[in-house]
Amino acid sequence: MGTKGRTSYSCGLDAAVDVVGGKWKPLILWELHSHGPVRFGELRRAVSGVSEKMLIQQLRELEADGVVHREVYREVPPRVEYSLTELGRALNTALLPLGEWGDRFMDQILARKAAAAGEAA
């Protein structure tokens with residue numbers, strides 16, 4: 001949950017950004033979308049650069065928001081898998097156009113950021 005104890009949103013975009021906001025959540029959601037149920041270690045390797053602590057925190061928030069399901073298998077050793085809920089699959093469908101926009105304009109975005117960094121130096 002982005003904002004704990006929140007009781008209302010100003011609009012649908014406000015609600016969506018509250019759930020998916022931050023650097024890691026969209027990447028986690030995309031990985032779960034692409035590969036189906038995955039174990040924690042697989043997810044950590046797939047989401048490049050995320051720390052174990054941050055991944056745990058983000059997964060807990062996504063689970064609390066009803067977007068990710070955590071399945072604990074009573075085995076020895078214990079096995080835990082993460083997957084998208086119906087709500088999570090719907091959210092990923094909504095994120096697809098955003099990813100397509102990023103793919104389409106990635107070169108321009110990178111060029112502008114490089115130019116801005118050059119001006120700041």
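These legends describe close-up views of a predicted model. Residues are numbered from 1 along each chain as its sequence is written. Local features need pLDDT of at least 70, side-chain atom pairs count only at pLDDT 80 or more, totals for chains, interfaces and linings use all residues, and side-chain values use heavy atoms, without hydrogens and water.

**View 1. An open sheet of 3 strands.** The order is β1-β3-β2, with antiparallel pairing. Strands are DSSP runs of E, at least two residues; helices are runs of H or I, at least four; both are numbered from the N terminus. Two strands pair if DSSP finds at least two bridges between them. β1 (38–39) and β2 are the edge strands, each pairing on one side only. Between β2 and β3 there are 6 bridges. V68 has L84 in β3 as its bridge partner.

**View 2. A cis peptide bond between V76 and P77.** Its omega is about -5°. P77 sits in the loop between β2 (68–73) and β3 (79–84). Most peptide bonds are trans.

**View 3. The aromatic pair W101 and F105.** How many aromatic pairs does a search of the whole structure find? It finds 1. The W101 and F105 rings are tilted, 5.7 Å centre to centre, with 50° between the planes. Rings of Phe, Tyr and Trp (its six-membered ring) pair if their centres lie within 6.5 Å; planes under 30 degrees apart are stacked, over 60 edge-to-face, the rest tilted. W101 and F105 are 4 residues apart in helix α5 (residues 86–120), so about one helical turn separates them.
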